[in-house]
Amino acid sequence: MNIYLVPYTWMRHLTLAWVTGGAALVAWWSLLVWAVWIGPELGMMWSHGAESWFYLVTIATTVSFASVLAEGGLRRRRLSRRLMFAGLSGLVTLLVSSMGIGLVTLVTGWLAGAEMAELADDPSFVSLRYRLLLWVIAGYASGIGPFFTRFDGIFSHIGGGIAAGLIGGAVWHAFAYAFPVELWPAKDLYVASAMGPLAWGLAHGALTWAIPDRLYAGWLRVLSAERFGRRIPIDGTDHKARERFVGSYPRGLDLWMGERSGVAEVHASVAVDEQHQYVVRGLSQHPTVVLRLLERIDLRFDPRRPAPLETALEMEDRIRVSIGGADTELEFVMLPKEEQ
């Protein structure tokens, strides 16, 4: 994962989902290789009753580990710190899922009793009706593990983890039993055991944690022929509020434009607050227009108002300033920045 390869679009919220979904699928494949090849060769096989435990705990731990490891790559942490945080997340998930699933299994066996034990372990009960609680516990564990390394968004981690586990269980059940024969004739637990973790991983990455806006910084770029391509950062290095001024006054401006470019001495400014919200302000009585899809906002300064007009900025908004028939266009863009 590299933040420089993740553009600031709505698709960035799905980037982590592909990573965790792929990791869950690799975990399923590794379990399959062990069960079919390596385990029998070494004479180390688990019992039939322990299959659910191994399956769900492995997927949950892998998804938790991959989520935090990918976050470390996005924040450009040192490899040792990435592995430390990811290992802590995986360990918490391993312990929580192991204890939860083990407890439910013991209680189920105790309630079933000796006479019903064989019936409770019957493969015909491998359906969501009888395994729903196990998926919920595993999903919860996959969400609570990353939370212990981030300590932010507890509701999204717990709720997203449980929802991801339920989605994985529903997909697992659908491919094994629920789809009509006309839509999915090849009903078997082999395909279902792969599709369930894939859906679980995708949902976990999309629901529990989103790439924060603080990994990006706002820039103001000149689109007109006058100083075309010139750009300046809006944010400072200390993450405090900043304001950048645009104009043709020859001294003290952050973005200077020539007199022939259609820019007043102090024409506009772009500011960012400590909550990482960007606004543009019109500081001149000459036209200052923000252009975006189906929207046009005139911010020219009105001397009768106590303060200049301002509006929030969004990715790829254009700011058109003009004076004396000459126009200059500026573009607001969000670009990745390196986190310490």
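How many bridges pair strand E6 with E9, and in which sense? The legends below give the answer, along with some other views of this predicted model. Local features here need pLDDT of at least 70 and side-chain atom pairs count only at pLDDT 80 or more, while totals for chains, interfaces and linings use all residues. Residues are numbered from 1 along each chain as its sequence is written, and side-chain values use heavy atoms, with hydrogens and water left out.

**View 1. Five strands make an open sheet.** Helices (H or I, at least four residues) and strands (E, at least two) are DSSP runs, numbered from the N terminus. Two strands pair if DSSP finds at least two bridges between them. Here is the answer to the opening question: E6 (residues 278-282) and E9 pair in the antiparallel sense over three bridges. Look for Val-279, whose bridge partner in E9 is Ala-312, and for Arg-281, which stands opposite Glu-310 in E9.

**View 2. E5 and E6 form a hairpin.** Five residues lie between the two strands, which pair in the antiparallel sense over five bridges. In the turn, find His-276, with a positive phi of about 65°. Val-272 has Tyr-278 in E6 as its bridge partner. Four of the five residues of E6 are buried (under 20% relative accessible area; exposed is over 50% and partly exposed in between, with a 1.4 Å probe and protein chains only). E6 is therefore largely enclosed by the rest of the structure.

**View 3. The largest nonpolar core holds 31 residues.** A nonpolar core is a set of buried Ala, Val, Leu, Ile, Met, Phe, Trp, Tyr and Cys residues joined through side-chain atoms within 4.5 Å. Ile-211, Tyr-216, Leu-220, Leu-255 and Ile-319 touch the most other members. Among the elements giving two or more residues to this core are helix H2 (51-74), strand E1 (216-222) and E6. Apart from this core lies another, of 25 residues, including Leu-31 and Trp-135.

**View 4. Ser-98 has its place in helix H3 (residues 79-120).** Ser-98 counts as buried because its relative accessible area is 16%. Its side chain reaches the backbone oxygen of Leu-94 at 2.6 Å. This is a polar contact: a pair of N or O atoms within 3.5 Å; within protein, one must be able to donate a hydrogen and the other to accept it, and residues adjacent in sequence count only if both atoms are side-chain atoms. Leaving out residues up to four places away in sequence, Ser-98 touches Trp-53, Val-57 and Thr-93 (contact means heavy atoms within 4.5 Å).

**View 5. Phe-147 and Phe-148 form an edge-to-face pair.** The structure holds 10 aromatic pairs. In this one, the ring centres are 6.0 Å apart and the planes at 80°, so the pair is edge-to-face. Rings of Phe, Tyr and Trp (its six-membered ring) pair if their centres lie within 6.5 Å; planes under 30 degrees apart count as stacked, over 60 as edge-to-face and the rest as tilted. Phe-147 is buried at 13% relative accessible area, whereas Phe-148 is partly exposed at 38%.
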